[in-house]
Amino acid sequence: MKVGVPKEVKNHEYRVAITPSGVHEFVRSGHEVLIEQGAGNGSLIPDEEFVAAGARIVPMADDVWADAELVLKVKEPVAEEYHRMRKDQVLFTYLHLAASQETTDALLKSGITGIAYETVQLPDGTLPLLAPMSEVAGRLAPQSGAYHLMAQGGGRGVLLGGVSGVHPARVVVLGAGVSGMNAAAIALGMQAQVQLFDRNIARLRQADQIYQGHLLTIASNAYEIERAVLEADLVIGAVLVVGAKAPKLVTNDMVRRMKPGSVLVDIAIDQGGCFEDSRPTTHADPVYRVHNSLFYCVANMPGAVPNTSTYALTNVTLPYAIELANLGWREALKSDHSLALGLNTFDGHVTYGPVAEAHDLSQ
Ligand code: NAD
C-alpha cells in the first residue's frame, strides 16, 4: 500500500505523523512511504533520516495526497487541504469533528474514509491515542507553571522546590488521571509540596500507593478545593468528564482571594477549561491576568515540545497504522474493535454517533 505523510499546515503545528522507525516498519512490511519534503523539520527529523529508513521524499503536498491510499496526519485537514481528499482514500489523524461543522462537511463532501485518533477506544474505556498527549501536557504543566511563577512576568517569585530552610511552593493538581498524575510526578520531582484531587477515590488510592505519603491525596469537593486553592502558589486543572464540558472547579471569587502572583494552568482548556475565567491562549501569548493571578490556558500544550510529542504520538499510532496498511482498512476494523471505534466518516456519511449527534445528523 502507498502510505503518504504530508507536512502539517495548521498554524504552529510542528509535529509530523511518522518517524524514521515508522517508515522502517512500513517498508519492512512491503509498503511504500511518501513524505512531503520538510515534513519532519518542525520535529527536527531531517528528510535524510526518512530516506535512510526507506521513504521517498516528494516536493509538494499535492504529490503525497495524489498518490497515497492511506494518509497519515497529526491534525485535522484545514481549508487548503480539503480539495486533496478523495473517496478512495483513508485518512488516519486527529479529526475532532464534533467541534467543527466545516471540517465535517469537507470530509463528507470528499467521501474520504476518516479514522480519528481521538475516538479509538480500548475495552476499558481509555483512549490510547490521546493518552500520550495528556502525558506531555501533564509533564509540561509544572514546568510552565514554575516559569510563570518567576517574578519578571508578574509571578509571585517563588521557586517551586524552595531551598533548604525555605517553604517549597504549594501545588494543587485537580484530577488524578493521565495528565494529573504526570503533573503531580513532575511537581514532586521539582520538590514542590503537592496536593492531588480527584472524585474517583480509586485513582487517589493508586497515587497514595505510589507516593507513600510524599503527596497529599484529597477527595475532590467544592469545600476542599476552595481551602487548597486559597493557599496554593500553582493550581493545575487536569480534570475530564468524558463527553462533557469540564466542570468549573475554581470560581472567579476564589481567584480574587488567591495569593498575589499565583499561577493557574488549565490543561482542560480544550474541554472548555475547569476554572471559571479560563479562555484559550496560544504559545505566542500564553498567559493573562485575572485579579492578581496569572492564567496559562494553552490549548495545544504538546506543540511546545514537538520533538517529544511526535515520538510519543507515533509510538501509539504506528501499530494501528500498520494494521490499516497490512490488512486494508475494512479488515483491520473488523479484526480490531478498538480501531473500529475510530471510524468517523465513510462514503459521505458520519459513522460515529457522538459526531452525528453534534451535527444533528443522527436521524
Ligand atoms: P483522564 O480521564 O485521564 O483524567 C481526568 C480525571 O479527572 C479523572 O481521574 C476524573 O476522575 C477526574 N475528575 C473528573 N471530575 C473531577 C472533579 N470534579 N474533581 C476532580 N477530579 C475530577 O483525562 P486526561 O487524559 O488527564 O485529560 C484531562 C484533560 O486534559 C482533557 O480535557 C484533555 O483533553 C486535556 N488535554 C489538554 C491538552 C492541552 O494541550 N491543553 C493536552 C492533552 C490533554
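## Burial in helix α11

A residue is counted as buried if 20 or more other C-beta atoms lie within 10 Å of its own. In this predicted model, the buried residues of α11 are Pro306, Ser309, Thr310, Leu313, Thr314, Thr317, Tyr320, Ala321, Leu324 and Ala325. An α-helix has 3.6 residues a turn, so residues three or four places apart point the same way.

## Geometry of helix α11

Helix α11 covers residues 306-327. Its 22 residues should span 32 Å at 1.5 Å a residue, and the C-alpha atoms at its ends are 30 Å apart, which agrees.

The helix is kinked by about 40 degrees at Thr317, shortly before the proline Pro319. Thr317 is also one of the buried residues of α11. After the helix comes Gly328, which has a positive phi, near 85 degrees.

## Surroundings of the ligand

The ligand has 31 residues around it, of which Ser134, Gly177, Ser179, Ser220 and Met301 come nearest. At least two residues of this shell are supplied by each of α6 (131-148), α7 (178-189) and β8 (193-198). Sorted by class, the shell holds 18 nonpolar, nine polar and four charged residues.

## The chain as a whole

The protein chain contains 14 helices and 15 strands. Its radius of gyration is 22 Å, close to the 21 Å that the globule rule gives for 363 residues, so the chain is as compact as a globular protein of that length. Along the principal axes, its C-alpha atoms fill a box of roughly 60 × 50 × 35 Å.

Of the 363 residues, 48% are buried. Among contacts between residues at least 6 apart in sequence, 64% join residues at least 24 apart.

Terms used: Residues are numbered from 1 along each chain as its sequence is written. This is a predicted model: local features need pLDDT of at least 70, side-chain atom pairs count only at pLDDT 80 or more; totals for chains, interfaces and linings use all residues. Helices (H or I, at least four residues) and strands (E, at least two) are DSSP runs, numbered from the N terminus. The expected span of a helix is 1.5 Å times one less than its number of residues. The bend at a residue is the angle between axes fitted to the seven residues ending there and the seven starting there. A residue is buried if 20 or more other C-beta atoms lie within 10 Å of its own, exposed if 12 or fewer, and partly exposed in between; C-beta atoms are placed from the backbone. A residue is near a molecule or strand if its C-beta atom, placed from the backbone, lies within 6 Å of it. Ala, Val, Leu, Ile, Met, Phe, Trp, Tyr, Cys and Pro count as nonpolar, Asp, Glu, Lys and Arg as charged, and the others, Gly among them, as polar. The radius of gyration is taken over C-alpha atoms; the globule rule is 2.2 Å times the number of residues to the power 0.38. Two residues are in contact if their C-beta atoms, placed from the backbone, lie within 7 Å.
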